[in-house]
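This note is written for a colleague who is meeting the structure for the first time. Please read the points below with the sequence and the coordinates at hand.

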Amino acid sequence: MKSILTGIICLGFFGLFAQKPVMDIQGVEVVKTSHVLNLAGKPLNYTAYTGYMHMKADTGKVLAKIFFTYYQKDGEDAGKRPLTFTFNGGPGSASLWLHMGGVGPKRVVLKDDGTATVPPYTYVDNEYGWLDKTDLVFIDPVSTGYSRAVGQDASKYHGYVEDIESIGAFVRNFLSRYERWASPKFLAGESYGTTRAAGLAKHLQDRHRIYINGVILISAVLNFGTNDYAIGNDLPRALYVPSYTAAAWYHKKLSPALQARPLADILKESEAWSIGEYASALIKGGWMSAAEKDAIAGKLAYYTGLSKELCLQANLRVDENRFYKSLRRADGLSVGRLDARFTGRDLDDAGEYVDFDPSFANIDGPFTSTINAYMQKELKFKEEKGYNVFGDVYPWSYKNVQNKYLNVAESLRDAMAKNPALKVYLGCGYYDFATPYFTALYDIEHMFLRPEQRSRVDIKMYESGHMYYIHKPSLIQFKKDMDGFFDSSK
């Protein structure tokens, strides 16, 4: 694997194009198109480069093709303009969510609350995108989007270490190919993409001597020990409760006393109880008296909107899947995992677990349809093979942390220690159960950053879910927050 990633890497192309490819600045064929983005009534001219980066062995044999889309604002010195490498997570997800949701120059048309419109789906200029502040590179890791291994087993790229090395090699060679070494550099990831971004910040510094200006964590998972609901791991049980509180508040399932208060107010109370009295009770386990257990069950029901009986039956440990089904069982509804604001109907109301995630079903069709239409119509890129929204990357290898939980929060701390200029943005949605907000806050506070380091971490909260940018009020706030982050990182 090492010889693969340290070999020669060049840009290339593959497939059928709607127009004749043109030459980029290094004489390599790519699809190059010119565009105008309408931002608050003002035109922003930019150029898009769409194609592959060929990963080659020292022998020159192509081993993998990584698909990317590069947006460069016209009329400015590209060598000095900020550049952001952007990707989603999964692992196994292509970059369409950030690309067509909140970051790129186009966005999917949704209702203001994030609900999908009636198909066929459309896209419009994204007046809340980042192109006015930074050039953008959207990366699809191997087996996602149009990216794929060539003539070899794709599993060689399916793992934490393998993924970090391949994307790190991409970044290094992109900087040379497009002469962007002098640019301020940023990494932006969502979900497992935040795991990748945190790991890359350290890897790029240690391996390639590439120092990053900012790491942008959108719905973060940094320490898998805070998210894995395995039997015997009680930490997530405590850290998920505030998200239960948020979802119950949204669906008006809390007591009238709690329901009448602002969300941020009751979440502070729920957080304090969760890492205090409740966490202590979880540690006690069977050492608790019946009276103690009954009291904790009552409080757990109070902060989650669930029945005290269910809390007792679950040994005070109501996992997330039971919560989705139980919160609105009386209404015949289940709630979403990616975004608990959304509800769905299962085959029956008696089951313990949901049939599907209604919040994912809401965005799956619109984003898949529009990324395909956009690639063909606007970027003039056509490929015979389909665009893999979710690639087959399992089993994903965590051999680097065998018999323990992956914790890239330490990688991020290490990168911040070595690079005092590195800033971090952390964005969280209150209604996100894929990467609950309190787990991310816990991870940051357990990096044990010194005061001057902690001051370089900017945390923002949104009244939305995992893809908080689908909620228009959150998208507008997200844009304001990112403008401030880029401005402060100069």
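The numbered points cover the basis of the note, a pair of helices, aromatic contacts and one glycine.

1. The model is predicted: local features need pLDDT of at least 70, side-chain atom pairs count only at pLDDT 80 or more, and totals for chains, interfaces and linings use all residues. Residues are numbered from 1 along each chain as its sequence is written, and side-chain values use heavy atoms, with hydrogens and water left out.

2. Helix α3 (residues 160–177) and helix α4 (residues 192–208) have axes that come within 9 Å and cross at roughly 65°. Helices (H or I, at least four residues) and strands (E, at least two) are DSSP runs, numbered from the N terminus. Axes are lines fitted to C-alpha atoms, for helices over the stretch in contact, and angles run from 0 to 180 degrees between N-to-C directions.

3. Residues of α3, including Tyr-160, Ile-164, Ile-167 and Val-171, meet residues of α4, among them Tyr-192, Arg-196, Leu-200 and His-203; contact means heavy atoms within 4.5 Å. By class, this contact of α3 with α4 has eight nonpolar, five polar and five charged residues. Ala, Val, Leu, Ile, Met, Phe, Trp, Tyr, Cys and Pro count as nonpolar, Asp, Glu, Lys and Arg as charged, and the others, Gly among them, as polar.

4. The count of aromatic pairs comes to 47. Rings of Phe, Tyr and Trp (its six-membered ring) pair if their centres lie within 6.5 Å; planes under 30 degrees apart count as stacked, over 60 as edge-to-face and the rest as tilted. The pair of Phe-68 and Phe-174 is edge-to-face, because the ring centres are 5.8 Å apart and the planes are at 85°. Phe-68 lies in strand β5 (residues 62–73) and Phe-174 in helix α3, 106 residues apart.

5. Phe-68 counts as buried at 0% relative accessibility, and Phe-174 is buried with a relative accessible area of 0%. Buried means under 20% relative accessible area, exposed over 50%, partly exposed in between (1.4 Å probe, protein chains only).

6. Tyr-244 and Phe-433 form a tilted pair, 5.6 Å centre to centre with 40° between the planes. Tyr-244 belongs to helix α5 (residues 235–250), while Phe-433 is in the loop between β15 (423–429) and α13 (437–445).

7. Gly-391 is found in the loop between α11 (358–377) and α12 (409–418). Gly-391 is buried, with a relative accessible area of 12%. Leaving aside neighbours within four places in sequence, Gly-391 is in contact with Gly-92, Ser-143 and Thr-144.
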